[in-house]
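Subject: A structure for you to look at

Hi there,

Here is the structure I promised to pass on to you. Please open it next to this email, and then read on for what turned up.

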Amino acid sequence: MTLAETPNYKNSSNPFLSLNYESALESLGDDYYDEVAAEEFPQHILRWRNDTLLPRLGLDPQVVKDEDFITAFGKFQGRKPLLALRYHGYQFGEYNRQLGDGRGFLYGQVRATDGELYDFGTKGSGRTPYSRGGDGMLTLKGGVREVLAAEALHHLGVRTSRCLSMIETGLPLWRGDEPSPTRSCVMIRMSSSHIRFGTFERLHFFQRPDLTKKLLDHVIEQYYRHLSAEQNKYALFYAELVKRVAELVAQWMAAGFCHAVLNTDNMSITGESFDYGPYAFIPTYNPSFIAAYFDYYGRYCYGNQPSICQLNLQMLQEPLKAIIEKEEMEAALAMFDEYYQAEYSSLMLKKLGFEDLPHPEAGELLNLTVEFLKDSQVGYHQFFYEMARTFSSKWRDEPGFVLNNSDIVPAPGASGVFDDWCILYHQILNDLESNRIDIIAQTLAVHNPKTALLRPVIESIWEPIAQEDNWQPFYDLINAIQSRG
Ligand SMILES: Nc1ncnc2c1ncn2[C@@H]1O[C@H](COP(=O)(O)OP(=O)(O)OP(=O)(O)O)[C@@H](O)[C@H]1O
Ligand SMILES: [Mg+2]
């Protein structure tokens with residue numbers, strides 16, 4: 001049954017069922033997905049609704065009832081077909097053909113008020129042909145962690161998917177990495193697309209260049225529309241993907257974020273960040289920081305993220321070479337470092353208070369900042385927040401005044417670098433017009449929020465949920481993130 005034939009769909013009083021759904025992916029044909037049914041859950045408790053996303057869907061949060069979320073995104077009433085998407089992927093370097101949406105499906109694609117097409121994808125909605133031995137479920141803690149990561153990253157300026165809702169579903173789950181039985185939930189992710197690098201890798205595996213081209217045409221038409229009339233649109237698409245991914249990694253690095261599972265099935269073809277499992281924000285600057293307990297060799301450690309994403313882009317050339325000249329892709333990929341460095345420098349300078357700085361000074365400040373953060377092991381987020389909190393025009397007077405009212409205390413071994421850093425920062429302030437001081441204060445405040453989503457912070461809001469079903473600290477944390485507090 002197609003969407004248009006679904007009974008009462010257009011007449012529904014549930015605003016989520018009357019959105020501007022488009023069957024863009026469905027209309028490509030069933031080589032790309034399997035129609036599946038959603039799990040019927042014993043319980044539906046709405047734990048989180050992301051009202052900040054509703055205006056983008058043309059909906060007034062005041063009008064949308066909790067029950068609307070539950071019937072649409074917990075009971076899945078009134079929407080068909082639900083599509084488990086097919087994909088493969090390289091996981092920790094090994095090709096895995098057993099993948100695909102094993103605990104989720106594409107609920108629908110919606111044209112939002114910004115004119116863009118968005119996917120509503122589920123996570124934790126039951127078994128599919130791709131579940132293998134898995135139960136098709138998402139733990140409540142996993143849902144809480146993904147909701148928080150997406151909000152935090154979005155508010156730090158990272159191009160990311162968001163969560164629209166999270167509904168507790170009342171099933172006991174057994175997991176090796178959580179005290180079990182643990183609670184279950186189903187989450188709705190709103191993303192620019194759920195087409196992954198691995199979606200193309202699967203088509204290559206089955207030697208279907210025809211399906212690869214059809215999918216690529218769809219991707220360009222929907223997500224790289226400005227290229228669709230170009231004669232060389234396929235090569236231009238790849239070049240832009242390289243740029244988007246390089247910039248995305250730079251955004252993670254500046255935010256101090258370690259994604260943890262950069263398999264090619266977790267890389268979006270639109271260059272958007274998604275799938276927040278065992279991620280972590282770094283406590284201190286350490287390129288070797290590993291977030292996933294199962295990442296034994298540190299393949300996806302914090303400092304490896306740029307090179308791993310570059311490698312994933314290189315591997316994507318395999319399926320794409322049926323359509324795009326290899327030389328053109330190689331030339332495009334050679335730009336990765338340049339794109340990455342430009343974005344990383346720009347973001348880090350903003351965290352240091354500067355929209356722009358002359359070239360040699362900018363490079364020197366960046367290098368010295370990273371050296372100090374690495375040697376001193378002061379809190380990464382704390383350092384930047386303390387800059388924002390204590391910044392003063394007095395810092396122009398003497399290097400000794402820089403950060404002197406802050407909580408930043410460098411370890412004895414790092415005091416030399418700290419002094420050098422203060423001298424340079426003081427010098428840069430003095431090279432600028434005095435009327436720039438207010439702008440620096442504003443820039444620092446905008447780019448360095450107080451709330452950092454460090455692991456102890458997540459555990460501190462999970463504890464009351466697990467112990468006494470107290471959700472208030474979770475809501476307080478999200479409010480702080482959303483209000484950039
Ligand atoms: N509990 C589970 N039951 C069934 N399949 C699962 C389960 N957990 C993970 N999988 C499947 O294992 C593969 C890798 O999982 P991964 O954690 O990267 O993705 P995911 O988090 O389930 O989904 P997404 O990438 O959309 O966030 C995917 O094919 C996923 O569907
Ligand atoms: Mg995944």
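At roughly what angle do the axes of helix H3 and helix H4 cross? Before the answer, a word on the model: it is predicted, so local features need pLDDT of at least 70 and side-chain atom pairs count only at pLDDT 80 or more, while totals for chains, interfaces and linings use all residues. Residues are numbered from 1 along each chain as its sequence is written, and chains are lettered from A and ligands numbered from 1 in the order in which they are written.

**The two helices**

Two packed helices are described by the angle between their axes and the distance between the axes. For H3 (residues 197-205) and H4 (residues 209-223), the axes cross at roughly 160° and come within 8 Å. That angle makes H3 roughly antiparallel to H4. Angles over 145 degrees count as roughly antiparallel, under 35 as roughly parallel, 65 to 115 as roughly perpendicular and the rest as oblique. The axes are lines fitted to C-alpha atoms over the stretch in contact, with angles running from 0 to 180 degrees between N-to-C directions. Helices (H or I, at least four residues) and strands (E, at least two) are DSSP runs, numbered from the N terminus.

Which residues make the contact? H3 brings Thr-199, Phe-200, Leu-203 and His-204, and H4 brings Leu-211, Thr-212 and Leu-215. Being in contact requires C-beta atoms, placed from the backbone, to lie within 7 Å. By type, the residues of this contact are four nonpolar, three polar and no charged. Here Ala, Val, Leu, Ile, Met, Phe, Trp, Tyr, Cys and Pro count as nonpolar, Asp, Glu, Lys and Arg as charged, and the others, Gly among them, as polar.

**The annotated loop**

Now to the loop between strand E11 (257-258) and strand E12 (280-281), where Asn-266 sits. Asp-265 and Asp-275 lie in that loop too. UniProt, in an unreviewed entry, lists Asp-265 under "active site", and its "binding site" annotation covers Asn-266 and Asp-275. UniProt positions follow the numbering used here, feature names are shortened, and annotations may be inferred rather than shown by experiment.

Is Asp-265 buried or exposed? Asp-265 counts as buried because it has 20 C-beta neighbours inside 10 Å. The cut-offs are 20 or more other C-beta atoms within 10 Å for buried, 12 or fewer for exposed, and partly exposed in between, with C-beta atoms placed from the backbone. Asn-266 is buried with 21 such neighbours, and Asp-275 is buried with 23.

Leaving out residues up to four places away in sequence, Asn-266 touches Val-261 and Asp-275, and Asp-275 touches Val-261 and Asn-266.

Another "binding site" feature in the unreviewed UniProt entry includes Gly-100, Arg-196 and Asp-275 among its positions. Gly-100 lies in the loop between strand E5 (94-96) and strand E6 (106-111), and is buried with 23 C-beta neighbours inside 10 Å.

Asn-479, in helix H14 (residues 472-482), is exposed because 11 other C-beta atoms lie within 10 Å. Its C-alpha atom is separated by 9.9 Å from that of Glu-151, 328 residues apart along the chain.

Happy exploring!

Methods: Contact = placed C-beta atoms within 7 Å.
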